[in-house]
Amino acid sequence: MAEDTERLDETAEEEELPESEGQTEEPVEKEEKSEREPRHNPLGIILNVRMLRRVVQILFLLGINAYVFTAWFGAEYITAFWTTIRNYLPSIPILAPLEAPFAVISGSFDTMQRTFTSAFFPFFTIGAMIIILIFVGRAPCAWACPIGTIQDFATLPKREKVRPTAATEIEMRKGKLYIFVVVAGLAVWLGASRAVGGELVLETMLGAFANDAFNPLNPAYILFKVIPEQLWPTSLSTLWYFTQWGFALLQLAFVIFVFAVSIWVPRWFCRWICPAGWLYSVFSRDALIGIGRNPARCTPDVCNVCEMVCPMNIRIRKYPYKHMHSPDCIMCLECKSHCPNDAIVIRFS
Ligand code: SF4
Ligand code: SF4
């Protein structure tokens, strides 16, 4: 670690250069690099960061809808426990609807959307969101968001992944900004109309999009709010209940589509569609925790493993060694787990 710091100090000036220049001058001789052996973790099979993240993701997926099982089996005292603690848990920067019948934790974006449309200002939610993002960046996207989790699991089967060019990726990423502008604009407009008592025309005009404009297309809202509230068949003879689902069936098809595409395009919904992800990226660019590369170990001319495994399709090698500061990095640490030279480091600055 001391060696890492020393090397970075030596190259600090170089890292301030524009991307291409920062990459051309190698701070360390190649011979020295080739002699370095990757560090091995003897307990790697059990105690590795990928495994840990999967476990945390599953716990959050269950925890977010914490009392669905207890409610299902009629364990009322456990259900009562969850319903009590939900009042004390803050929203976190993920996608999780406030109104889900079994929700314990909600997403900052979802809560802000609902608060604005109710003609209030979400001071506490915004404050908590900014603090979390400044400290840990978009790590909740990688470790806690249920929609990110399901996409990650959909991506696990070894299929060839689609990886658009940098230019295409930049264009596609703009999609979530456009969606955010529309959704946030409608939320503020509706909130203002409600505050002055003139919301009826707007509500009629917006129809299903009147309350929270993103919800009809929000996979978390569809999965955890819309679907549980449908009339579920209890036997073969009640299968016809599905015909009563109407618009919910279309929404379910959309969610299935999102996860199916993730098999080939990792986290495409996060990268191109999610307006919450765009909002979170604004505050996480300069997060205290982030990813860097050890220039003594990284071999960017001959290796691109980190970029190939990055679910957010970030061109990691284009960033300075010291600290990546990418608004799209979700701190999943896939690059760190896969780097054959153990060159990816976690930075605190
Ligand atoms: S960007 Fe992805 S992980 Fe982050 S909140 Fe949106 S859906 Fe969840
Ligand atoms: S750069 Fe690394 S930590 Fe960040 S999103 Fe990509 S793989 Fe995950």
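Predicted model: local features only at pLDDT ≥ 70, side-chain atom pairs only at ≥ 80, totals over all residues.

Where does Pro311 sit, in terms of the helices α17 and α18? I find Pro311 in the loop that joins α17 (305–309) to α18.

**Entry 1: Pro311**

Pro311 has 22 C-beta neighbours inside 10 Å, and the cut-off for buried is 20 or more, so I put Pro311 down as buried. Then I looked up who the neighbours are. Setting aside residues within four places in sequence, Pro311 is in contact with Asp152, Thr155, Pro266, Arg267, Cys332 and Glu334.

**Entry 2**

Arg267 came up as a contact of Pro311, and I went to look at its backbone. Arg267 is not a glycine, but its phi is positive, about 50°. I noted this because most residues other than glycine have a negative phi. Arg267 lies in the loop between α14 (247–261) and α15 (268–273). Is Arg267 buried or exposed? With 25 other C-beta atoms within 10 Å, Arg267 is buried.

Asp342 is also a non-glycine with a positive phi, in this case about 55°. I located Asp342 in the loop between α18 (334–338) and β2 (344–348). Asp342 has 16 other C-beta atoms within 10 Å, so I logged it as partly exposed.

**Entry 3: around ligand 1**

Which residues surround ligand 1? I listed Ile94, Leu95, Cys141, Cys145, Ile147, Gly148, Phe269, Cys270, Cys274, Ala276 and Gly277. By type, I count nine nonpolar, two polar and no charged residues in this shell. Three helices, α10 (146–155), α15 and α16 (275–284), each supply at least two of the shell residues.

Beyond four places in sequence, Leu95 touches Gly107, Phe109, Asp110, Cys145, Ile147, Asn218, Ala220, Cys274 and Ala276.

**Entry 4: around ligand 2**

For ligand 2 I wrote down Ile291, Cys310, Met312, Ile314, Ile316, Cys329, Ile330, Met331, Cys332, Leu333, Glu334 and Cys335. This shell splits into 11 nonpolar residues, no polar ones and one charged. Cys332 and Glu334 are on my contact list for Pro311 too.

**Entry 5: the nonpolar core**

The largest nonpolar core has 71 residues, and Leu95, Ala103, Ile330 and Cys335 touch the most other members. Which helix gives the most to this core? I got α13 (residues 219–226), with six residues. The core takes at least three residues from each of domain 1 (2–36 + 288–348) and domain 2 (49–232 + 240–281).

**Entry 6: α16 and what follows it**

I looked at α16 next and found it mostly covered, with eight of its 10 residues buried. They are Pro275, Ala276, Gly277, Trp278, Leu279, Tyr280, Ser281 and Ser284. Among the elements covering them are α7 (108–117), α8 (123–136), α9 (139–143), α11 (166–196) and α15.

Asp286 is in the loop between α16 and β1 (289–293). It has 13 other C-beta atoms within 10 Å and so is partly exposed. Asp286 and Leu133 are 153 residues apart in sequence, with 9.0 Å between their C-alpha atoms.

**Entry 7: α11**

How many residues does α11 have? I noted 31 residues, reaching 46 Å from first C-alpha to last, close to the expected 45 Å. Lys176, Val183, Leu186, Ala187 and Leu190 are buried in α11. The buried residues of α11 pack against α7, α12 (200–206), α15 and α16. Just past α11, Gly197 has a positive phi of about 80°.

**Entry 8: whole chain**

Last, the totals. The protein chain has 18 helices and two strands. Buried residues account for 37% of its 349 residues. Of the chain's contacts with a separation of 6 or more, 73% link residues 24 or more positions apart.

How values were computed
Residues numbered from 1 in each chain as written. Chains lettered and ligands numbered in written order. Near = placed C-beta within 6 Å. Nonpolar A, V, L, I, M, F, W, Y, C, P; charged D, E, K, R; others polar. Helix = DSSP H or I, 4+ residues; strand = E, 2+ residues; numbered from the N terminus. Buried ≥ 20, exposed ≤ 12 C-beta atoms within 10 Å, placed from the backbone. Contact = placed C-beta atoms within 7 Å. Core = buried A, V, L, I, M, F, W, Y, C linked by C-beta atoms within 7 Å. Domains from an automatic or database assignment. Expected span 1.5 Å × (residues − 1).
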